[in-house]
Amino acid sequence: MIKLVCRDYGFECDFVAEGTMVSEVMELFAKHTSEEHGIRHSKDKIQFMLRNRSKNNMSKNDVENFVNKANAERNRLEKWKIGRGNFP
Ligand SMILES: [Zn+2]
């Protein structure tokens, strides 16, 4: 099942385009965004969005974990830099 959630793309909206085929979901989502939000996504753009999602398939938790890891890594690097500054 392929899913595109309007909310995930920055809209305050609970619309979900669902289907078994990419072209089907793209059509639904494009129709919805142009009718409800007055935005025309090109098919290329929607295809890109879908490809990104299926590649990462990240849930909100995954995103949080990813951000936390990135922050931890940055903190580690900063400590390392400070350490090196103190002890050249
Ligand atoms: Zn919407």
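User: How do you know that the span of H1 agrees with its 15 residues?

Analyst: In this predicted model, the end C-alpha atoms of H1 are 21 Å apart. At 1.5 Å a residue, 15 residues should span 21 Å, so the two values agree.

User: What makes residues of H1 count as buried, and which ones are they?

Analyst: A residue is buried if 20 or more other C-beta atoms lie within 10 Å of its own C-beta atom.

User: Which exposed residues does the face turned away from the buried side carry?

Analyst: That face of H1 carries Ser23, Lys31, Ser34 and Glu35.

User: What makes up the largest nonpolar core?

Analyst: This core has six residues: Leu4, Ala17, Val25, Met26, Phe29 and Ile46. Helix H1, residues 22-36, gives the largest share, three residues.

User: With which residues is Phe29 in contact, leaving aside its neighbours within four places in sequence?

Analyst: Phe29 is in contact with Leu4, Ala17 and Ile46.

User: Where is confidence lowest and where is it highest in the chain?

Analyst: Confidence is lowest in helix H2, residues 43-56, at a mean pLDDT of 68. Strand S2, residues 16-19, has the highest, at 92. The mean pLDDT of the chain is 77.

Methods
Residues numbered from 1 in each chain as written. Predicted model: local features only at pLDDT ≥ 70, side-chain atom pairs only at ≥ 80, totals over all residues. Core = buried A, V, L, I, M, F, W, Y, C linked by C-beta atoms within 7 Å. Buried ≥ 20, exposed ≤ 12 C-beta atoms within 10 Å, placed from the backbone. Helix = DSSP H or I, 4+ residues; strand = E, 2+ residues; numbered from the N terminus. Contact = placed C-beta atoms within 7 Å. Expected span 1.5 Å × (residues − 1). pLDDT = per-residue confidence, 0-100.
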